[in-house]
Amino acid sequence: MKREPMYGIMAEFDSAQALIDAAKRTHEAGYKKIDAYSPFPIEGLAEELGFHRDEVPLVVLIGGIVGGLTGYLMQYWMSAVDYPLNIGGKPYHSWPAFIVITFEMTILFAGISAVFGMLALNGLPMPYHPVFNVPRFALASKDRFFLIVFSSDPKYDPAGTFDFLQALEPRSISEVPS
Amino acid sequence: MTLFAVACAGIFPAIHVGRPWLAYWLFPYPSTMGVWPQFRSPLMWDVFAVSTYATISALFWFIGLVPDLATLRDRSTNPATRIIYGILSLGWRGSARHWHRYETAYLLLAGLATPLVLSVHTVVSFDFAVGIVPGWHTTIFPPYFVAGAIYSGFAMVLMLAIPIRKIYGLEDFITERHLQNAAKVMLATGLIVAYGYGIEAFMGWYSGDRYDAFTLWNRLHGPYAGLYYLLLICNIFIPQVLWIRKLRTSPIALFFVSGVILVGMWLERFIIVVVSLHRDFLTSSWGMYYPTRWDWMTYIGTIGMFLAAIFLFVRLLPMISIFEMRTLLPEAEVKE
């Protein structure tokens, strides 16, 4: 595989509004492999980048169903199949007593899937990433807003993309080494 | 932000669950004896409720910190702290797609944690309510424990937040409105707790059960009667001053009322546990409870451990979510 010498070109903006406008224009110009970085969540920014499928709710739903089934079947198997114990003459499969733990396991699995599903979909933890090579990128967690066009974009061409981003009037612009 | 404070306040008590040395028997692990826990017992429900609650609170708290840890990583000038915060922040870089999934996950987690708060206190109360001891065996316990938990939880949050707000000059973040809303929640849940006491007393009389009636009589006239009246004063009468707007907006008054409520909630547990048990069905098991040196040491030790954890947290990590505060800035507003 031929390796592009550059990971992409990154432009820095002063405000959330400037970033969202720039993201919109870049996406409309036909760039598909782009990303934006901000110190806090900006409503609608991901949609401007062409992100429409958020799988987190589905992961949480599946986690919850699996958790509920695990909780119930575990209790059923342990109390009625593997080692049946007669407790106060109650039936082995005394389902009303199993509801609480089933509920707890549903929430536990759903919560764990929400956290780890989100991290996995985001590809985190990832301590190294090429964008960290840009010294000014440290401001992305503080008060600056960044837009990047990846070199893997079909429309990417080093000089043309640089000029296009320059036309968006960023505060600064830099190439991201890979 | 209040949610964040409540999550933090909720996580530390979870550390202090009693740990007798055979506590692991409560978990369904494949033991050599081939037996499994007895799932029809509320004690088992409690194990699952508390451990789920602790896990979800810890995850909720940590995930809320990840973007702030990234800020700390980028701001630190010392390589060691940079590496530590760098590892803890999981390589967070604030990508728009990441933020989108993050917010969905955080919202869902908050939604899942809310019924969990109700369930954990309900299940704790089952430990009592399923028992046959008079004073425990009552269906009012689950709702009244949940209300009591929110009541004392807000009192604890206020007792921590008021000094922190003053010392660190956070009046702009923890505003008068937050304090006032917390006071209103305490007032409302306090009235639910008062209703719980009322129903307990009423059922003691109305049930016609001699043992229940005796428990009520014993609370009002027994050897621990003074504590019961103190409970009513602390949890029901004094908090009524929160009807006065002026006191609701005064941090000092709120601090003292919160302290009184915490004492009251401690007395409530004492009355439920000790006063119910010291006059059991069998007169042969009657007695008086005097705390031993170890009881006192455990009690003081848990308070110390809680305070140590809180102080370390305040010192090392952002106590108010940084990125959530940023979204409130006018610069964060965007129009489509």
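**Figure 1. A:Asn122 is buried in this predicted model, with a relative accessible area of 4%.** The model as a whole is a prediction. A:Asn122 belongs to the loop that runs between α4 (99-121) and β3 of chain A.

**Figure 2. Chain A is divided into two parts, domain 1 and domain 2.** Domain 1 is made of residues 6-52 together with residues 130-177. Domain 2 covers residues 56-121. Between the C-alpha centres of domain 1 and domain 2 of chain A there are 44 Å.

**Figure 3. Helix α1 of chain A spans residues 16-28.** The helix has 13 residues, and the distance from its first C-alpha to its last is 18 Å. That is close to the 18 Å expected at 1.5 Å a residue. Buried residues of α1(A) are A:Ala16, A:Gln17, A:Leu19, A:Ile20, A:Ala22, A:Ala23 and A:Thr26. In an α-helix there are 3.6 residues a turn, so residues three or four places apart point the same way. After α1(A) comes A:Gly30, with a positive phi near 100°.

**Figure 4. B:Leu90 has a positive phi although B:Leu90 is not a glycine.** The phi value is near 60°. B:Leu90 sits in the loop that joins α3 (79-88) to α4 (96-129) of chain B. With a relative accessible area of 13%, B:Leu90 is buried.

**Figure 5. The rings of B:Phe60, B:Trp92, B:Trp99, B:Tyr102 and B:Tyr106 form a cluster.** Ring pairs link these five residues of chain B.

**Figure 6. B:Trp266 and B:Phe270 belong to helix α10 of chain B.** Over all chains, the count of aromatic pairs comes to 24. The pair of B:Trp266 and B:Phe270 is stacked, because the ring centres are 5.6 Å apart and the planes meet at 20°, under the limit of 30 degrees. Helix α10 covers residues 251-277, and because B:Trp266 and B:Phe270 are four residues apart in that helix, about one helical turn separates them. B:Trp266 counts as partly exposed, at 42% relative accessibility, whereas B:Phe270 is buried at 13%.

B:Phe270 also pairs with B:Tyr289; this aromatic pair is tilted, with 6.1 Å from centre to centre and 55° between the planes. B:Phe270 is in helix α10 and B:Tyr289 in the loop between α10 and α11 (293-316) of chain B, so the pair ties together parts that are 19 residues apart in sequence. B:Tyr289 has 33% relative accessibility and counts as partly exposed.

**Figure 7. In chain B, the charged ends of B:Arg269 and B:Arg293 sit over aromatic rings.** The charged end of B:Arg269 is placed over the ring of B:Phe145, at 4.4 Å from the ring centre. For B:Arg293 the ring is that of B:Trp294, and the charged end lies 5.6 Å from its centre.

Notes:
Residues numbered from 1 in each chain as written. Chains lettered and ligands numbered in written order. Predicted model: local features only at pLDDT ≥ 70, side-chain atom pairs only at ≥ 80, totals over all residues. Heavy atoms only, no water. Domains from an automatic or database assignment. Helix = DSSP H or I, 4+ residues; strand = E, 2+ residues; numbered from the N terminus. Buried < 20%, exposed > 50% of the residue type's maximum accessible area, 1.4 Å probe, protein only. Expected span 1.5 Å × (residues − 1). Phe/Tyr/Trp six-rings, centres within 6.5 Å; stacked < 30°, edge-to-face > 60°. Lys NZ or Arg CZ within 6 Å of the ring centre and 35° of its normal.
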